[in-house]
Structures are given as C-alpha cells and as structure tokens.
Amino acid sequence: MSTRNDVDGEYRTRLFHAIRDLTADSYGGWAAVTNIQAGGGLYAQRIVTRRHYDLEAAKEQALVVAGLAKGDGVGNDS
C-alpha cells in the first residue's frame, strides 16, 4: 500500500479503512440516504457546508479516529 516515500503503507491502509467505515458500511449507507433526503439539494448543502464547516478541524479529527494523528508513531510524523 505504499506509494510516495513520505507516506508509508500502514498509514494509507488505516486511512482507507477509516474511509470505508464511514461510507461503505451500513451506517455510511444510512447516513448518505438520510443526508440527501433530509438536507435539501446537494448543491445547497455543499454551499452551506463550505461556508460554515471547519474543514481543518474535521481533517485532524479524522486522523485521530483513524489512529494517524501526529505523534502516534505511524506514518511520517517524526
């Protein structure tokens, strides 16, 4: 699973597993359907999200959940 020298295989594998867990499992499917049905049009959701959502904090939290946060000994964070 390794590609570039600065991203090791374990990091990429954990990242792919976290993405799968949030999108392709039963919860991910349920969340996708309810999000589309209850939140208005996709374009309107995208506009509101980009305007009000703290993307950098979400990225950091995703790395924590995936076990890839800086200082956890995985990846190129030394």
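**View 1. Phenylalanine 16 sits in helix H1, which covers residues 9-23.** Helices here are DSSP runs of H or I with at least four residues, strands are runs of E with at least two, and both are numbered from the N terminus. This is a predicted model, in which local features need pLDDT of at least 70, side-chain atom pairs count only at pLDDT 80 or more, and totals for chains, interfaces and linings use all residues. Residues are numbered from 1 along each chain as its sequence is written, and side-chain values use heavy atoms, with hydrogens and water left out. Phenylalanine 16 is partly exposed, because its relative accessible area is 39% (buried means under 20%, exposed over 50%, partly exposed in between; 1.4 Å probe, protein chains only).

**View 2. The whole chain is built from four helices and zero strands.** Starting at the N terminus, the elements run α-α-α-α. Of the 78 residues in the protein chain, 13% are buried.

**View 3. The largest pocket holds about 360 Å³ of space.** A pocket is an open set of points on a 1 Å grid over the protein atoms alone, where a 1.4 Å probe fits, with protein on both sides within 12 Å along at least five of seven lines; lining residues have an atom within 4 Å of a point. Its volume is the space filled by probe spheres set on the points, which are joined across faces, edges and corners. Look for Asn35, Arg46, Thr49, Arg50, Tyr53 and Leu55 along the lining. Helix H3 (residues 42-52) contributes the most to this lining, with three residues.
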